[in-house]
Amino acid sequence: MLGSRTDLHIFDPVSVNGTRYCNEILLPYVRLFRGAMGLQFLFMDDNAPCHRTVAAEQLLESEDIERMDWLARSPDLNPIEHVWDFLGRRLAARTLPPVTIRELRLALQDEWAPMPQQLILSIGRRCETCLAVRGDHIPY
């Protein structure tokens, strides 16, 4: 967003609930971007259970953050899928792939910064492709 990206946020190995999602993602990152973008800001997440908790819904409403509708069975156009694919390929291509959680965290952080911004900026083209195939599957 805004020609940049945040630092990679890696959750501790405990399941993410609505409270953690609010405290670790919505408040420090999403609220900040909403402030920078103003009324043109439209927030995209998916239907993960922690995204749909009462706490998350109330926080977004209290911050006047509009959420994009995201149907449960819609084609997956979320750019984050392309990010995970990119990071997975980069990790697999390493001479010495990470074997511990600590090594994995460090490797992900190393690969995060040089990731091409085009992975995110291609959303317009992917939406056009999805429309052209009338909502059918489109490749990454």
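Reply: The account below moves from the overall fold to the pocket and then to the packed cores.

This is a predicted model, in which local features need pLDDT of at least 70, side-chain atom pairs count only at pLDDT 80 or more, and totals for chains, interfaces and linings use all residues. Residues are numbered from 1 along each chain as its sequence is written, and side-chain values use heavy atoms, with hydrogens and water left out.

The protein has six helices and zero strands, where helices are DSSP runs of H or I with at least four residues and strands are runs of E with at least two, numbered from the N terminus. Its C-alpha atoms fill a box of roughly 45 × 40 × 30 Å along the principal axes.

The largest pocket holds about 1600 Å³ of space. A pocket here is an open set of points on a 1 Å grid over the protein atoms alone, where a 1.4 Å probe fits, with protein on both sides within 12 Å along at least five of seven lines; lining residues have an atom within 4 Å of a point. Its volume is the space filled by probe spheres set on the points, which are joined across faces, edges and corners.

The lining of this pocket comprises 43 residues, with F43, M44, N78, I80 and I120 nearest the centre. Helix 3 (79–92) is among the helices that supply at least two lining residues, as are helix 1, helix 4 (101–112), helix 5 (118–121) and helix 6 (123–132). Helix 3 provides the largest share, six residues. By class, the lining has 31 nonpolar, seven polar and five charged residues; Ala, Val, Leu, Ile, Met, Phe, Trp, Tyr, Cys and Pro count as nonpolar, Asp, Glu, Lys and Arg as charged, and the others, Gly among them, as polar.

F43 also belongs to the largest nonpolar core, which has 13 residues; Y21, L26, V30, F41, F43 and I65 touch the most other members. Such a core is a set of buried Ala, Val, Leu, Ile, Met, Phe, Trp, Tyr and Cys residues joined through side-chain atoms within 4.5 Å, and buried means under 20% relative accessible area with a 1.4 Å probe, protein chains only. Helix 1 (18–37) and helix 2 (54–62) each supply at least two residues of this core, and helix 1 gives the most, with six. A second, separate core of 10 residues includes V83, F86, L91 and L108.

Across the protein, buried residues make up 28% of the 140 residues.

Notes: Buried means under 20% relative accessible area, exposed over 50%, partly exposed in between (1.4 Å probe, protein chains only).
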